[in-house]
Amino acid sequence: MTSPTFRAPSLRIALACVLFAALAACASAPTIAPSTSLTSATPAEMVAAIRASAGDGEGELSVQPLRDNEVEDLRDQAHRLEAQGHVADAAKALDHAITIVPGDPALLQERAELALLLGDRAAAASLAERAFALGSQVGPLCRRHWATLEQVRLLEGDAAGAAAAKAAIDACRIGPPARY
């Protein structure tokens, strides 16, 4: 026969386990609602808008670096592949070019646009921000950086971030220095 002193602790332990399980169920992590996109544009339409934001650069300061021949060949290959619909292969070609010239803002921007086409918002934003930081921060390429960030923020449902990026696009337009 079991004595009452042994039952009471096991009953308390059982009740404690039930109480702990009930509390654990209540303390589950809250679900995070997915962000609501503020755009209905397709990735191709977004990239077209980004590229159109550059404008023609007429009448403004635009800094153009010297180009490495191998990198230019890879950029041309990427453009051809993208035009043929092989975006992932185009991205690989630009990734290779970036290993040769890791600080080229134009390469980074082109890769950001391909990341957007591939649905990788985080990479698109990161590459555009890096390109802006390394670039001249003026001219057509600067506008593409900010237009990319605007599109990413719209996809993320960040209206304030998209508005700030859109406003920054205009700050990229700087006239050429006066000539005397």
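Trainee: Where is the place of Gln137?

Mentor: Gln137 sits in the loop between H6 and H7. Keep in mind that this is a predicted model.

Trainee: What makes Gln137 count as partly exposed?

Mentor: Its relative accessibility is 37%. Buried means under 20% and exposed means over 50%, so Gln137, at 37%, counts as partly exposed.

Trainee: And what is phi of Gln137?

Mentor: Phi of Gln137 is near 65°, a positive value in a residue other than glycine. Most residues other than glycine have a negative phi.

Trainee: Okay, on to the helices on either side of that loop. Why is H6 called roughly antiparallel to H7?

Mentor: Start with the angle: the axes of H6 (residues 121–134) and H7 (residues 139–156) cross at roughly 155°. Angles over 145 degrees count as roughly antiparallel, so H6 is roughly antiparallel to H7. Those two axes come within 9 Å, and the crossing is left-handed.

Trainee: Which residues in H6 meet H7?

Mentor: On the H6 side you'll find Arg121, Ala124, Ala125, Ala128, Glu129, Ala131 and Phe132. Among their partners in H7 are Cys142, His145, Trp146 and Leu149. Sorted by class, the contact of H6 with H7 has ten nonpolar, two polar and four charged residues.

Trainee: Now H3 and H5. Why is H3 called roughly parallel to H5?

Mentor: Check the angle again: the axes of H3 (residues 69–83) and H5 (residues 105–117) cross at roughly 20°. Angles under 35 degrees count as roughly parallel, so H3 is roughly parallel to H5. The axes of H3 and H5 come within 12 Å, and H3 passes H5 in a left-handed crossing.

Trainee: Which residues meet there, and how do they divide by class?

Mentor: Val71, Arg75, His79 and Glu82 in H3 meet Ala106, Leu107, Glu110, Leu114 and Leu117 in H5. They divide into five nonpolar, one polar and three charged.

Trainee: Let's zoom out. How many helices and strands does the protein have?

Mentor: There are eight helices and zero strands.

Trainee: How much of the protein is buried?

Mentor: Buried residues make up 33% of the 180 residues.

Note on methods: Residues numbered from 1 in each chain as written. Predicted model: local features only at pLDDT ≥ 70, side-chain atom pairs only at ≥ 80, totals over all residues. Heavy atoms only, no water. Axes fitted to C-alpha atoms, helices over the stretch in contact; angles between N-to-C directions. Helix = DSSP H or I, 4+ residues; strand = E, 2+ residues; numbered from the N terminus. Parallel < 35°, antiparallel > 145°, perpendicular 65-115°, else oblique. Left-handed = near helix turned anticlockwise from the far one by under 90°. Contact = heavy atoms within 4.5 Å. Nonpolar A, V, L, I, M, F, W, Y, C, P; charged D, E, K, R; others polar. Buried < 20%, exposed > 50% of the residue type's maximum accessible area, 1.4 Å probe, protein only.
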